[in-house]
Amino acid sequence: MRIPIFSALTACAAIWLAAIPVKAETPVTYTDAGQALFRFAVPDFWALRTGGPREIEDTELGDARAVSRVMGIRPVTDETVWMGFVSPTGVSDIQGGIRYLEDIDKFLVKEPSITSTSETRIGGLPARVIRGTGHRDGRGVNFTATVIDLPKGRIAIAVAILRDGADPAYVDDLNDVFASFQSLQ
């Protein structure tokens, strides 16, 4: 019995595709004043929300802080996990990024408790990772704040927040976002 060549090729392609995990994602570029600073990929079925430069204020203390554009992502159907990126103007190194985080931490997590810090490389660039726990919107959270040293005197800050009870599989998605990070300078 002869198998038509098209059917044989289709069957081979189906077997080959089944053996390789298919991972689609959407590349996003963070820009400031028309200059592309870095890129990362948003997982499928996650929403991207962007905001421009603004001031945020702690309603309890009346303490305002300038914030550069924030790009936030989260799963479309789940609000238990969030990741945001920012590249603050005027912050040029990892130590400055740590000071920036200390200045805005009350807007991200209440009562933060640092559980670990480490040095690593993300997208081939030096980075410092800070992990901890705290509260947000009255719920317990785990957070990871990462400061990435970009070329030309800029940094990128990525903050990931997982509420208590979030699906642990989201950690893989967040790690994939970090693995896709690339400087564009």
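Me: How many bridges join β9 to β10?
Reply: In this predicted model, β9 and β10 run antiparallel and are joined by 10 bridges. One of the paired positions is Arg128, whose bridge partner in β10 is Val147.

Me: And what sits in the turn between β9 and β10?
Reply: β9 and β10 form a hairpin with two residues between them, and Asp137 is in the turn. Phi of Asp137 is near 55°, a positive value in a residue other than glycine.

Me: Asp137, buried or exposed?
Reply: Exposed, because its relative accessibility is 63% and the cut-off for exposed is over 50%. The loop that holds Asp137 runs between β9 (125–136) and β10 (139–150).

Me: What about β8 and β9, how do they pair?
Reply: In the antiparallel sense, over 10 bridges. Ile114 has Gly132 in β9 as its bridge partner. β8 and β9 also form a hairpin with two residues between them, and Gly123 in that turn has a positive phi of about 60°.

Me: Which other non-glycine residue has a positive phi?
Reply: Phe45 has one, at about 65°. Phe45 is placed in the loop between β2 (35–43) and β3 (46–51). Its relative accessible area is 72%, so Phe45 is exposed.

Me: Back to the sheet. What is the strand order?
Reply: The open sheet has seven strands in the order β3-β6-β7-β11-β10-β9-β8, with antiparallel pairing. β3 and β8 (110–122) are at the edges with a single partner strand each, so one side of each has no neighbour in the sheet. On average, neighbouring strands of this sheet are turned by 15° against each other, direction ignored.

Me: How many bridges between β7 and β11?
Reply: Six, with β7 (residues 81–86) and β11 running antiparallel. Phe85 has Ala158 in β11 as its bridge partner.

Me: What does α3 lie across?
Reply: α3 lies across β3, β6 (70–75), β7, β8, β10 and β11, and runs at about 15° to β7. Ser180 is found in this helix, which covers residues 170–180. A polar atom of the Ser180 side chain lies 2.7 Å from the backbone oxygen of Val177.

Me: Now the core. Which residues touch the most other members?
Reply: The largest nonpolar core has 45 residues, and those touching the most other members are Phe38, Phe40, Met83, Phe85, Leu101, Ile157 and Phe181. Strand β11 (residues 154–163) gives the most to this core, with eight residues.

Me: Which residues does Ile157 touch?
Reply: Not counting residues up to four places away in sequence, Ile157 touches Gly84, Phe85, Val86, Pro88, Gly97, Tyr100, Leu101, Thr146 and Val147.

Me: How many aromatic pairs are there?
Reply: A search of the whole structure finds seven. For Phe38 and Phe40, the ring centres are 6.4 Å apart and the planes are at 35°, so that pair is tilted. Phe38 and Phe40 are both buried.

Me: And Phe38 with Phe85, what are the distance and angle?
Reply: That aromatic pair is tilted, at 5.8 Å centre to centre with 45° between the planes. Phe38 is in strand β2 and Phe85 in strand β7, so the pair ties together parts that are 47 residues apart in sequence.

Me: How accessible is Phe85?
Reply: Phe85 has a relative accessible area of 1%, so it is buried. Phe38 counts as buried at 0% relative accessibility.

Me: Which residues form the aromatic cluster?
Reply: Tyr30, Phe38, Phe40, Phe85 and Phe181 form one cluster.

Me: What does the Arg154 side chain reach?
Reply: The backbone oxygen of Ser87, at 2.9 Å. Leaving aside neighbours within four places in sequence, the contacts of Arg154 include Asp32, Leu37, Thr89, Asp149 and Gln185. Arg154 and Thr89 are 65 residues apart along the chain, and their C-alpha atoms are separated by 7.7 Å.

How values were computed. Residues are numbered from 1 along each chain as its sequence is written. This is a predicted model: local features need pLDDT of at least 70, side-chain atom pairs count only at pLDDT 80 or more; totals for chains, interfaces and linings use all residues. Side-chain values use heavy atoms; hydrogens and water are left out. A nonpolar core is a set of buried Ala, Val, Leu, Ile, Met, Phe, Trp, Tyr and Cys residues joined through side-chain atoms within 4.5 Å. Buried means under 20% relative accessible area, exposed over 50%, partly exposed in between (1.4 Å probe, protein chains only). Helices (H or I, at least four residues) and strands (E, at least two) are DSSP runs, numbered from the N terminus. Contact means heavy atoms within 4.5 Å. A polar contact is a pair of N or O atoms within 3.5 Å; within protein, one must be able to donate a hydrogen and the other to accept it, and residues adjacent in sequence count only if both atoms are side-chain atoms. Two strands pair if DSSP finds at least two bridges between them. Axes are lines fitted to C-alpha atoms, for helices over the stretch in contact, and angles run from 0 to 180 degrees between N-to-C directions. Rings of Phe, Tyr and Trp (its six-membered ring) pair if their centres lie within 6.5 Å; planes under 30 degrees apart count as stacked, over 60 as edge-to-face and the rest as tilted.
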